[in-house]
Amino acid sequence: MARYSPSVQNLIAKLGSLPGIGGKSAQRLAFHILSMPEKEASELADAIKEAHRLNKRCSSCRNFTDSDPCPICSDPKRDRSIICVVESPRDVSTFERMHEYRGLYHVLHGVFDPSRSKGMNDITLAELFERLSKSPEVREVIMATNPTAEGNATALYVSRLLTGSGIRVSRLASGLPMGGDIEYTDDLTLASALKGRVDISS
Ligand SMILES: [Zn+2]
């Protein structure tokens, strides 16, 4: 498999480790990058380094941000009694785009997925419970994990752990396609799923 020089093989391996990039795409991207003018290739590398250096996780909601707390957590106009729990920072953008939701968020950075050995410590659940224990103003947690087996299991787990806490736990209404992805849900469907959310407090 030593068809390419070690530096090119390394680039292909790094690109191939990104989600959704298979071996063929990694090779195509690597050769595209090699054919770029050197200045453009450096700008691409710098953009990755700069975004990484400046973006940390918000100490409250765990979303990526270049200021801590993030602009949403520090906005005095947000409703601090509701926290919408999502899988990824992309889901926060989807909700914000809809302009229907005025509460806060919590980004899990994944869901329980025993098949991919993603356990409780790999997502920010402990941080969520710690945050809730310090936030008596929270009345409701909306579990907006994706409507997949793993997303549902994570939602049920949170509702079980919050039993007796006085915090209502709700789940986005059906209407979201089973196995679907919130990121790709249109604004109207998402707004009605939010409005019709159901209580899953146990
Ligand atoms: Zn935040």
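Predicted model: local features only at pLDDT ≥ 70, side-chain atom pairs only at ≥ 80, totals over all residues.
Reader: A nonpolar core is a set of buried Ala, Val, Leu, Ile, Met, Phe, Trp, Tyr and Cys residues joined through C-beta atoms within 7 Å. Which residues touch the most other members of the largest one here?

Author: The largest nonpolar core has 32 residues, and Cys84, Val85, Val86, Tyr105, Val141, Met143 and Ala144 touch the most other members. Residues are numbered from 1 along each chain as its sequence is written.

Reader: And which elements give two or more residues to that core?

Author: They are β3 (79-86), α4, β4 (103-107), α5 (125-133), β5 (140-143), α6 (149-161) and α7. Strand β3 gives the largest share, four residues. Helices (H or I, at least four residues) and strands (E, at least two) are DSSP runs numbered from the N terminus.

Reader: Let us take Val85. What is it in contact with, beyond its neighbours within four places in sequence?

Author: Val85 is in contact with His106, Leu108, Leu128, Val141, Ile142, Met143, Ala144, Thr145 and Val158. A contact requires C-beta atoms within 7 Å.

Reader: Val141 is on that list as well. Which residue in β6 is its bridge partner?

Author: The partner of Val141 in β6 is Val169. Val141, in β5, also has Ile83 standing opposite.

Reader: How do β3, β5 and β6 run where bridges join them?

Author: β3 and β5 run parallel and are joined by four bridges. Four bridges likewise join β5 to β6 (residues 168-171), and these two strands run parallel.

Reader: In what order do the strands of the sheet come?

Author: The order is β4-β3-β5-β6-β7, an open sheet of five strands with mixed pairing. At the edges are β4 and β7 (198-199), each of which pairs on one side only. Strands pair if DSSP finds at least two bridges between them.

Reader: New topic, please. How many helices and strands does the whole protein have?

Author: The protein has seven helices and seven strands. From the N terminus on, they run α-α-α-β-β-β-α-β-α-β-α-β-α-β.

Reader: What does the C-alpha trace span, and what share of the residues is buried?

Author: The trace spans about 60 × 35 × 35 Å along its principal axes. Of the 202 residues, 26% are buried. Among contacts between residues at least 6 apart in sequence, 55% join residues at least 24 apart.

Reader: Which residues of α4 and α7 meet?

Author: Thr94, Arg97 and Met98 in α4 meet Asp187, Leu190 and Ala191 in α7.

Reader: I also noticed Tyr184. Is it buried or exposed?

Author: Tyr184 is exposed, because 10 other C-beta atoms lie within 10 Å. The residue sits in the loop between β6 and α7.

Reader: How far apart are Tyr184 and Thr94 in sequence and in space?

Author: Tyr184 and Thr94 are 90 residues apart in sequence, and their C-alpha atoms are 8.2 Å apart in space.

Definitions and conventions:
Contact = placed C-beta atoms within 7 Å. Buried ≥ 20, exposed ≤ 12 C-beta atoms within 10 Å, placed from the backbone.
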